[in-house]
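Come along, and I will jot down what I look up as I go.

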Amino acid sequence: MQNKIMAINSGSSSLKFQLFVMPEEELIVKGLFERIGSKEGIEFSNTLNGEKKSLTIDGKTHEEAVAFLIEFLMKENVITSLDEITGVGHRVAHGGEFFKTSSLVEEKEEEMIRELSKLAPLHNPVNLAGIEAFKQALPGCSQVAVFDTSFHQTLPKSQYLYPIPMSYYREDKIRKYGFHGTSHQFVAEEAATVLGKPLEELKLITCHLGNGASICGIKNGQSQITSMGFTPIAGLMMGTRSGDLDPSVVTFIQEEKGLSATEMAQILNNQSGLLGVSELSNDFRDVIASAEENVEQSVVALDIFTSKVKQTIGAYAAELGGVDGIIFTAGIGENSAWVREKSCAGLEFLGAKIDSELNDKNAEIISTNDSTTKVLVIPTNEELMIAKETMAIISK
């Protein structure tokens, strides 16, 4: 029996969607609503039958965007009845310790997602808005939450506990949660197929490098160590996020500049990282172009980023007790041969040697034939992973 499964990623002013036929994993239509909340209307773009179209629609809310989407699907004969959509899977940023796997969303689950908004105030509320909008538009359809944090629930205590008083963990659940789990899981499964070995027999390091970036060490198919922490600000330097730094830097700047906690968080989340160091842009393409002209701050910014990626790969290989494959994914990981080459330079001791020609072509395997550790470029597809998880939940 065929199922049409919708994969949804709701943002504060956007809503991405893809509709799949499952279990065939056939993509029917995908699209994006942008500028939700704008007085000028919502911008809607979609790709159907290989043709891309864009228009502006009336409305300001997620509910209005979803109502238009259902009307669009019916008008274009993508569906002839609402009953054809058997499940809607929603990306939800934070599942805390409550959601160890993807989950059907009923009243109890919806309330818990709302409660967990204190851990992800920028993400969970808008993720919930998407769920509520589809519950209203498709009242008879199963809604499934797929959490960024769930894949990392296999982290051992030695990795998720912070060396602060245990009362903060017991009372406030302050611990490492990790993010980008859907992406790390997807590319790990794809890499196992490429390498021709069961995922459970592999030691993999997955590098999700985009404007937000994280690395995950995967052993026996399970997340063992990851770079993001209590929030997505931790770990690698990112487009606008600082990544790891001495905690005293935060309190020192706050005291010296008279900043509130909210103002400090704004600096660390939106004014730091590549943008903060380069003082140019949070877009790697802009900074690489500037570095090629020998602009010092751009050169330094890129060196900080690739050095941190390299250090993390080396540390995770030690934690896993070796590594069979290093995977690059997401916008930068998939498209920047320069970042991949710089990040892997010096990792020959791990058996990972880059073939420059293959790397320049963004080939699936970019390491040399004699490399004992394979280096791969695997495009991520979080929406397909959401659809697969949703299908698994509603099939039970």
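Predicted model: local features only at pLDDT ≥ 70, side-chain atom pairs only at ≥ 80, totals over all residues.

**Entry: a hairpin.** I looked up strand β10 (residues 213-219) and strand β11 (residues 222-226), and they pair in the antiparallel sense over four bridges. I then picked Cys216 and found that its bridge partner in β11 is Thr226. The hairpin of β10 and β11 has two residues between the strands, and Asn220 takes a positive phi near 60° there.

**Entry: Leu320.** Next I asked myself where Leu320 sits. I found Leu320 in helix α11, which covers residues 296-320. Is Leu320 buried or exposed? Leu320 counts as buried because its relative accessibility is 1%, and buried means under 20%. I also checked what Leu320 touches, leaving aside its neighbours within four places in sequence: the contacts are Lys203, Leu204, Ile205, Gly217, Ile218, Lys219 and Gln224. I took a second look at Leu204, which is 116 residues from Leu320 in sequence, while their C-alpha atoms are 8.5 Å apart in space.

**Entry: salt bridges.** How many salt bridges does a search of the whole structure find? My note says 16, and I looked at some of them.

I began with Arg35 and Glu40, whose side chains meet in a salt bridge at 3.3 Å, N to O. Arg35 is partly exposed, with a relative accessible area of 38%. Glu40 counts as exposed because its relative accessibility is 57%, and the cut-off for exposed is over 50%.

I moved on to Arg91 and Glu382, whose side chains meet in a salt bridge at 3.7 Å, N to O. Arg91 lies in strand β6 (residues 85-92) and Glu382 in helix α15 (residues 382-395), so this pair ties together parts that are 291 residues apart in sequence. I wrote down that both Arg91 and Glu382 are buried.

My next pair was Lys173 and Glu97, which form a salt bridge with the closest N and O atoms 3.3 Å apart. This pair links distant parts of the chain, 76 residues apart: Lys173 is in the loop between α5 (166-172) and α6 (181-195), and Glu97 is in the loop between β6 and β7 (103-104). Lys173 counts as partly exposed, at 34% relative accessibility.

I finished with a network: salt bridges that share partners join Glu110, Glu111, Arg114, Glu132 and Lys135 into one.

Definitions and conventions:
Residues numbered from 1 in each chain as written. Heavy atoms only, no water. Buried < 20%, exposed > 50% of the residue type's maximum accessible area, 1.4 Å probe, protein only. Contact = heavy atoms within 4.5 Å. Salt bridge = Lys/Arg side-chain N within 4 Å of Asp/Glu carboxyl O. Pairing = 2+ DSSP bridges.
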